[in-house]
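Please take a moment with the sequence and the structure below before reading on. The paragraphs that follow move from the surface to a helix and then to the backbone.

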Amino acid sequence: MPRIVSRFRRLPVPEELQALALAPRHLSLLSYLLFDGPAGVNDLATRLEVAPTTVSLLVGELSRKGVLERREDENDRRRRIVSITATHRPTISRWLARGADAWRQVLAGLSPAERASLVTSLRAYEKAMAEEEAAEADHADEAGEQGAKAS
């Protein structure tokens with residue numbers, strides 16, 4: 001797993017996107033929009049497992065940079081649909097497609113049960129990492145409180 005993460009981090013940001021100061025938090029959002037198509041903020045929040053306000057902030061930031069655009073949903077005027085702008089779509093596609101192509105190649109050789117097992121394992125890994133981070137944060141908070149009491 002560390003080698004996979006390391007390889008992903010080494011994917012150079014295309015020169016056309018470097019001035020946009022894209023951060024890791026943007027990659028998942030851009031990946032969903034690239035591979036699954038335009039979506040509403042609530043749909044993206046569900047997929048990313050974050051609050052809609054978090055997605056709204058990311059969308060606002062990337063919209064101001066010209067990477068994303070928001071348009072009115074034809075079926076519900078109260079809802080906004082988010083998509084990658086035509087200007088940046090080709091570059092983002094070339095950048096992120098390599099990883100998706102590699103996953104498709106690997107997954108194609110697996111049975112449905114094997115693919116399900118892999119997805120379950122990756123989700124369990126991510127959950128365990130999140131729980132470990134939360135435990136570390138709780139421990140740091142407790143240590144800070146104890147230090148404050150001692151003062």
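Which residues form a nonpolar patch on the surface? In this predicted model, the patch consists of Trp103, Val106 and Leu122, which together have about 260 Å² of accessible area.

A patch of another kind, negative in charge, is made up of Glu49, Glu126, Glu132, Glu133 and Glu136. Glu133 sits in helix H7, which covers residues 112-150, and since its relative accessibility is 52%, this glutamate counts as exposed. Glu49, by contrast, is placed in the loop between H4 and helix H5 (52-64), and with a relative accessible area of 69% Glu49 is exposed as well.

Helix H4 itself, residues 41-48, has Val41, Leu44, Ala45 and Leu48 as buried residues. Seen down the axis of H4, the buried residues fall within an arc of 100 degrees, and therefore they line one face of the helix. On the face of H4 turned away from the buried side lie the exposed residues Asn42 and Thr46.

The backbone deserves a last look. Most residues other than glycine have a negative phi. Glu49, however, has a positive phi of about 60 degrees although it is not a glycine, and Ala21, likewise not a glycine, has a positive phi of about 50 degrees. Ala21 is located in the loop between helix H2 (15-18) and helix H3 (24-36).

How values were computed
Residues are numbered from 1 along each chain as its sequence is written. This is a predicted model: local features need pLDDT of at least 70, side-chain atom pairs count only at pLDDT 80 or more; totals for chains, interfaces and linings use all residues. Side-chain values use heavy atoms; hydrogens and water are left out. Patches are made of residues with over 30% relative accessible area and no salt bridge: like charges are joined within 9 Å, nonpolar side chains (Val, Leu, Ile, Met, Phe, Trp, Tyr) within 5 Å. Accessible areas come from the Shrake-Rupley method with a 1.4 Å probe; for residues, only the protein chains shown count as cover. A salt bridge is a side-chain nitrogen of Lys or Arg within 4 Å of a carboxyl oxygen of Asp or Glu. Lys and Arg count as positive and Asp and Glu as negative; His and the chain ends are not counted. The place of a charge is taken as NZ of Lys, CZ of Arg, CG of Asp or CD of Glu. Helices (H or I, at least four residues) and strands (E, at least two) are DSSP runs, numbered from the N terminus. Buried means under 20% relative accessible area, exposed over 50%, partly exposed in between (1.4 Å probe, protein chains only). The arc is that of the directions from the helix axis to the C-beta atoms.
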